[in-house]
Amino acid sequence: MHVTRETFDQVMVPNYNPAQMVPVRGVGSRVWDQAGNEYIDFAGGIAVNALGHCHPELVSALTEQGQKLWHLSNVFTNEPALRLASKLTEHTFAERVYFANSGAEANEAALKLARRYALEKFGEHKQKIIAFTQGFHGRTFFTVTVGGQPAYSDGFGPKPGAVEHCNYNDLAAFEALIDDDTCAVMMEPLQGEGGIISPDPDFVKGVRELCTKHNALLIFDEVQSGMGRTGHLYAYMGLDVVPDILTTAKSLGGGFPIGAMLTTTEIAQHLKPGTHGSTYGGNPLACAVAERTFDVINDPVVLEGVKQKEQQFRDILATINAKHHVFSEIRGKGLLLGCALNDDFTGQARQFLDASTTEHLMCLVAGANVVRFAPSLVIPEADISEGLSRFERAIASVVAAK
Ligand SMILES: *Cc1c(COP(=O)(O)O)cnc(C)c1O
């Protein structure tokens, strides 16, 4: 059966507007479409393909497990899930792990756990959840309500209650909002979808102190920032602040759907048997691939490589910008980078993305004003420089069309 981009418009729900080409194959940081055109991938499946496409270690983990056992549900446990949970707890603050299939599901579990914990430990008055404007936590109704972009949560009727928002990096406003009725604070330790916004180190420390003071759980959503993305295994490790609950997904599976919520034994005990669950959570195929992804990324050489590649991106982007004057700032950390457009190009991020696709470069946007890169953590230097040459051509075409 022959399918094309037109088929999308005939059979798919129209909630997405994908690029005009259809990718069919990928190796490392290169992808090919139906017509045989080759692309350099700076999008990484939205910060998911942390080891590029079809990394040999992941292909072998998937095919080995694929011949052993695919699915059990949580009526039985399984070896890959137990090994992955052991590694996640060994290498983070956490002592307990809950597996889900996506970032939103991991966050949903974190929010339900926080509410349950506060209810059982402190009583019904402690319900308030504080999150930050421009934050993104997924698309279930609870997580999208906690996310700080009303455009995503409006238009679906009554929302889950007791959720309030505060400006990111505004410690005074946060201090005015948090109180003893606050059960949890959910934040990204580097805002991704909202525009690649780094936290001020003092802000994060202040949030931690105020959470402790008011017995509110601090939930770090590391769905995008985690698994080596910032050059640390998790972003919190570079901030000197430890959360009570951490969620991780995207890069965790290297392209296979998986999410996880990590926390302490003390907090975890409030999710007793039957209180929460998922049919596929802890699926052996997903956990086997994630375990191998974790093994490859949790290596000082790979993490140091992320910092070197960040520098390469920053150096070349600075040279490009000196010539074309399109960015006000290059921001972010590690291989989660945002090129913020200056006033002359406000609102035109999508034009830069489309021009990049024309130049055979895959990239992302983060809002209307930021072009985002989230490539493979092991992308070769040659692919970075070739990809950025293509990006420069794309920039030149947008500037010329102005
Ligand atoms: C992508 C993302 C999510 C949602 O993850 P899904 O797997 O799409 O449900 C949640 N939080 C953050 C910070 C994300 O970047």
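**Figure 1. Crossing of helix 13 and helix 14 in the predicted model**. Helix 13 passes helix 14 in a right-handed crossing. The axes of helix 13 (residues 349-358) and helix 14 approach to within 8 Å, at a crossing angle of roughly 125°. The two helices, helix 13 and helix 14, are therefore oblique to each other. Helix 13 contributes Q351, F352, A355 and S356 to the contact, and helix 14 contributes F391, A394, I395, S397 and V398. Six of the residues in the contact of helix 13 with helix 14 are nonpolar and three are polar, with no charged residues.

**Figure 2. Packing of helix 12 and helix 14**. Helix 12 spans residues 300-324 and helix 14 spans residues 381-401; their axes come within 10 Å and cross at roughly 25°. That angle makes helix 12 roughly parallel to helix 14. The crossing of helix 12 with helix 14 is right-handed. On helix 12, the contact is made by K309, Q312, F313, I316, L317, I320, K323 and H324. Facing them on helix 14 are E381, I384, S385, L388, F391, E392, I395, A396 and V399. By class, the contact of helix 12 with helix 14 holds 10 nonpolar, three polar and four charged residues. F391 and I395 of helix 14 take part in this contact and also in the contact with helix 13.

**Figure 3. Packing of helix 4 and helix 11**. The axes of helix 4 (residues 79-90) and helix 11 (residues 284-297) lie 8 Å apart, and the helices pack at an angle of about 35°. Helix 4 and helix 11 make a left-handed crossing. From helix 4, the residues in contact are P80, A81, R83, L84, K87 and L88. From helix 11, they are P284, C287, A288, A290, E291, F294 and D295. The contact of helix 4 with helix 11 comprises nine nonpolar and four charged residues, and no polar ones.

**Figure 4. Interface between domain 1 and domain 2**. The protein chain is divided into domain 1, made of 5-55 + 300-401, and domain 2, made of 57-297. The centres of domain 1 and domain 2, taken over C-alpha atoms, are separated by 26 Å. Contacts between the domains involve 27 residues of domain 1 and 26 residues of domain 2. About 2,300 Å² is buried between domain 1 and domain 2, with carbon and sulfur atoms giving 61% of this area. On the domain 1 side, H55, K333 and L336 lose the most area to domain 2, and together they account for 26% of what that side buries.

Key. Residues numbered from 1 in each chain as written. Predicted model: local features only at pLDDT ≥ 70, side-chain atom pairs only at ≥ 80, totals over all residues. Heavy atoms only, no water. Axes fitted to C-alpha atoms, helices over the stretch in contact; angles between N-to-C directions. Helix = DSSP H or I, 4+ residues; strand = E, 2+ residues; numbered from the N terminus. Parallel < 35°, antiparallel > 145°, perpendicular 65-115°, else oblique. Left-handed = near helix turned anticlockwise from the far one by under 90°. Contact = heavy atoms within 4.5 Å. Nonpolar A, V, L, I, M, F, W, Y, C, P; charged D, E, K, R; others polar. Domains from an automatic or database assignment. Buried area = accessible area lost by both parts, 1.4 Å probe.
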